[in-house]
Amino acid sequence: MDTPGNPPRAVWHTTESPAGGGYFSSIAAYLIRVGAEPQVIYDPVTDQLGQLGPLTQSGRALRNDGSRRTNREGKVNIQVEVLGRAASPWTAGFDPAKKPNFRKLIAAMRAHGIPDVWPAGKPAATASTARRDRATWQSKGGHYGHSHVPGNDHWDPGNIDTAKVPGGASSGGDSDSGSSTGTYTVQKGDTLSSIATKFKTTVATLVSLNGIKDPNKLSVGQKLKVPGSTPAPSYEPFPGAAFFHAGRNSPVITAMGRRLVAEGCGRYSQGPGPNWTNADKASYAAFQRKLGYSGSDADGIPGKSSWEKLRVPNV
């Protein structure tokens, strides 16, 4: 990816073809043949799901925006070609609870840090209503339609139901921690994603409970309704400064790197991964500077105070 420090996103397309029947394989073969394949192809009728490339690498379903390679925008840019037509939104009559492969796809997106939001709004209902805001596309993570992407002129996937895509974690039988709600006070460094992780819920649920219009804007001291009343312990305890050295291999390093990227401090040309590298050190130093450290205090080696502020999820 060209901009791995930018937020992760998913882009939804339609193949402008029928769904169901024997179309899945022929459409996948066509996309490969013309060099326009996404990472994923999905049939909403049969729930058939196919992967054409790694989710962490670039697809080829978008045009460039001038010299900016839109396929390579963000930490990940998971593109999905859904069998269907923009003029007849495929979510009509679609029930995620009956589509286990669809739910697995959404779970994979969430695992890569893609929030359950549509930063540019609902996808366009017609070609004439497509709006492509470059600043939003480049700076905000979440779900987009092909109709939102600058440098492109297609208006797919049409006016799909964003309550179903991506939907909530409860689709298909999973549920939040009960129907009761509690109150949480936003702390410095909190994001909706980190709060959702703490309360074992989703960003979409928090947005719905609180009527949040812009999920990227939280204020310290702001009161939020949250499912349940007691947050589950969800952060990695500080492993000690001696933990971070050349040769260290641990999923904690990967989780740390992903949080650094989410904080806009990623300095990775690839990854992050489980091995402690100079890129991890440079990324952590950027985070220390973001917290106000300077000079030798921003040395790239985690300390207890900065580690607690980073809030690395348990692995």
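Helices (H or I, at least four residues) and strands (E, at least two) are DSSP runs here, numbered from the N terminus. With that settled, let us walk through the structure above. This is a predicted model, in which local features need pLDDT of at least 70 and side-chain atom pairs count only at pLDDT 80 or more, while totals for chains, interfaces and linings use all residues. Residues are numbered from 1 along each chain as its sequence is written, and side-chain values use heavy atoms, with hydrogens and water left out.

Five strands make up an open sheet with mixed pairing, in the order 3-2-4-1-5; two strands pair if DSSP finds at least two bridges between them. Strand 3 (48-51) and strand 5 (142-145) each have a single partner strand, so at these edges one side of each is left without a neighbour in the sheet. From one strand to the next, the twist averages 20°, where axes are lines fitted to C-alpha atoms, for helices over the stretch in contact, and angles run from 0 to 180 degrees between N-to-C directions.

Strand 1 (residues 9-14) pairs with strand 5 in the parallel sense over four bridges, and tryptophan 12 stands opposite glycine 145 in strand 5. Two helices pack on the sheet. Helix 1 (residues 23-33) touches strand 2 (40-43), strand 3 and strand 4 (77-82), and its direction makes about 155° with that of strand 2; contact means heavy atoms within 4.5 Å. Helix 2 (residues 100-111) touches strand 1, strand 2, strand 3, strand 4 and strand 5, with its direction at about 145° to that of strand 1.

Which residues of helix 1 are buried? They are Phe24, Ile27, Ala28 and Leu31, where buried means under 20% relative accessible area, exposed over 50%, and partly exposed in between (1.4 Å probe, protein chains only). Seen down the axis of helix 1, these buried residues fall within an arc of 100°, so they line one face of the helix; the arc is that of the directions from the helix axis to the C-beta atoms. The buried residues pack against strand 2, strand 3 and strand 4, whereas Ser25 and Arg33 are exposed on the other side of helix 1. After the helix comes glycine 35, with a positive phi near 70°.

Aspartate 43 has glutamine 48 in strand 3 as its bridge partner. The two strands form a hairpin with four residues between them, and aspartate 47 in the turn has a positive phi of about 65°.

Now for the second largest pocket, which holds about 370 Å³ of space. Of the 21 residues that line this pocket, Thr14, Ala61, Glu81, His146 and His154 are the closest to its centre. Strand 1 and helix 1 are the elements that give two or more residues to the lining, and helix 1 gives the most, with three residues.

Finally, look further along the chain. Serine 208 is found in helix 5 (residues 203-210) and is exposed, with a relative accessible area of 60%. Glutamate 308 belongs to helix 8 (residues 304-310) and is partly exposed, at 45% relative accessible area. Its C-alpha atom is separated by 7.2 Å from that of phenylalanine 238, 70 residues apart along the chain.

Conventions. 1 Å grid on protein atoms, 1.4 Å probe; cavity = no way out; pocket = protein on both sides within 12 Å on 5 of 7 lines; lining within 4 Å. Points joined across faces, edges and corners; volume = space filled by probe spheres on them.
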